[in-house]
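Subject: Structure handover

Hi there,

Here is the structure I promised to send over.

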Amino acid sequence: MIEVLGVTKSFRGPGREVRAVDDASLHVGKGEFVLILGRSGSGKSTLLGLIAGLVRPTSGSVRIKGNDIGLLSDNSLAELRAREIGFVFQFSGLLPTLPALENVLVPTLLCRGGPGTRSRAREILARVGLTEREDAYPATLSSGEMKRVAIARALINGPSLLIADEPTGDLDVDTEYEIMDLFRQLNLEGMTIVMVTHNPDLACFATRLYVMDRGKLGLEPGPFPAKDREPGNAAAGAPDDE
Ligand SMILES: Nc1ncnc2c1ncn2[C@@H]1O[C@H](COP(=O)(O)OP(=O)(O)OP(=O)(O)O)[C@@H](O)[C@H]1O
Ligand SMILES: [Mg+2]
């Protein structure tokens, strides 16, 4: 589904060049749940931008569903993104002047709007546990609720690939595992997921785990057993032990 081959992304800062992503290669097969783990500044968000076609590489190639995105026009790339990819940004990026439901509907303005879209948005908000909050403006939502609206927005066009940048960052552990349970369900329903986190405890959710360090990406050998968790929390156990 995704093939990243020897990709480098450099940024030119004042007097120096930053190699945010340095000769990275990554493979994401259909139906996988890929986690990318790494500390702050290691290049994770830049890599996700490259995978989603939001950032053009300095060198190397990125293929999404067989399309070499370096060869696509801006319009074709935008179409491919709108059709196939849901992206959850690290900082949720909700529009402050729109209530939750309207924020979820924003991607449908560009693609696949039409009858039934509004009820679909309501269904997705219900799925992320926000039925009661559809009329709430972002400023009145908690940070976990904002993340869930951003996840619902990423799902509205029915993407085959969900890319999520720290969707559980800054959340308490129970809310974090609620979101991971939702992702696990989506994955079991066939959605391919690529997710960035700095929390090594989430490794047990991955079918494939990469670690990023100063722009370099390495594949970790599995399996990734679940760490012991307190009873009563949402996701004790490995992904496939239910
Ligand atoms: N547009 C840009 N211009 C210049 N430098 C950039 C740009 N975007 C990222 N960088 C630099 O590239 C490096 C990697 O940044 P990136 O945001 O990808 O890291 P990250 O792993 O996502 O960090 P965090 O966990 O804090 O979100 C950092 O040194 C950052 O300062
Ligand atoms: Mg980041």
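A word on terms before the findings: two strands count as paired if DSSP finds at least two bridges between them. Helices (H or I, at least four residues) and strands (E, at least two) are DSSP runs, numbered from the N terminus. What you have is a predicted model, in which local features need pLDDT of at least 70 and side-chain atom pairs count only at pLDDT 80 or more, while totals for chains, interfaces and linings use all residues. Residues are numbered from 1 along each chain as its sequence is written, and chains are lettered from A and ligands numbered from 1 in the order in which they are written.

**Overall picture**

The protein has six helices and ten strands. Its radius of gyration (taken over C-alpha atoms) is 18 Å, close to the 18 Å that the globule rule (2.2 Å times the number of residues to the power 0.38) gives for 242 residues, so the protein is as compact as a globular protein of that length. The C-alpha trace spans about 50 × 45 × 35 Å along its principal axes.

Burial is counted from C-beta atoms placed from the backbone: a residue is buried with 20 or more others within 10 Å of its own, exposed with 12 or fewer, and partly exposed in between. On that count, buried residues are 37% of the 242. Contacts mean C-beta atoms, placed from the backbone, within 7 Å of each other. Of the contacts between residues at least 6 apart in sequence, 69% join residues at least 24 apart.

One open sheet has four strands in the order β2-β1-β4-β5, with antiparallel pairing. β2 and β5 (67–68) are at its edges with a single partner strand each, so one side of each has no neighbour in the sheet. Two bridges hold β5 to β4 (residues 59–64), and these strands run antiparallel. Arg63 is found opposite Asp68 in β5.

Helix α1 lies across β1, β2 and β4, and runs at about 125° to β1. Such angles run from 0 to 180 degrees between N-to-C directions, with axes fitted as lines to C-alpha atoms, for helices over the stretch in contact. How many residues of α1 are buried? Eight of its eight are, among them Lys44, Ser45 and Thr46. After the helix comes Gly53, with a positive phi near 75°.

**Around ligand 1**

The shell around ligand 1 takes in residues whose C-beta atom, placed from the backbone, lies within 6 Å of it. There are 14 of them, and the closest are Phe11, Ala20, Ser40, Ser45 and Thr46. β1 (2–13), β2 (16–28) and α1 (44–51) each supply at least two residues, and α1 gives the most, with three.

By type, the shell has three nonpolar residues, ten polar and one charged. Here Ala, Val, Leu, Ile, Met, Phe, Trp, Tyr, Cys and Pro count as nonpolar, Asp, Glu, Lys and Arg as charged, and the others, Gly among them, as polar.

**The six-stranded sheet**

The other open sheet I want to point out has the strand order β6-β7-β8-β3-β9-β10 and mixed pairing. Its edge strands, β6 (85–88) and β10 (216–220), each pair on one side only. Neighbouring strands are turned by 15° against each other on average, direction ignored. Five bridges link β3 (residues 33–38) with β8 (residues 192–197), and the two run parallel; Val34 has Val194 as its bridge partner in β8. Helix α5 (residues 143–155) packs on this sheet, touching β6 and β7 (161–165), and its direction makes about 165° with that of β6.

**Residues worth a click**

Most residues other than glycine have a negative phi. Glu166 has a positive one, near 50°, and sits in the loop between β7 and α6 (173–188). It counts as buried because it has 20 C-beta neighbours inside 10 Å. Arg214 also has a positive phi, near 45°, in the loop between β9 (208–213) and β10. Is Arg214 buried or exposed? Arg214 is exposed, because 12 other C-beta atoms lie within 10 Å.

Finally, Arg184 belongs to helix α6 and is partly exposed, with 18 other C-beta atoms within 10 Å. Its C-alpha atom is separated by 25 Å from that of Thr108, 76 residues away along the chain.

Happy browsing!

Definitions and conventions. Two residues are in contact if their C-beta atoms, placed from the backbone, lie within 7 Å.
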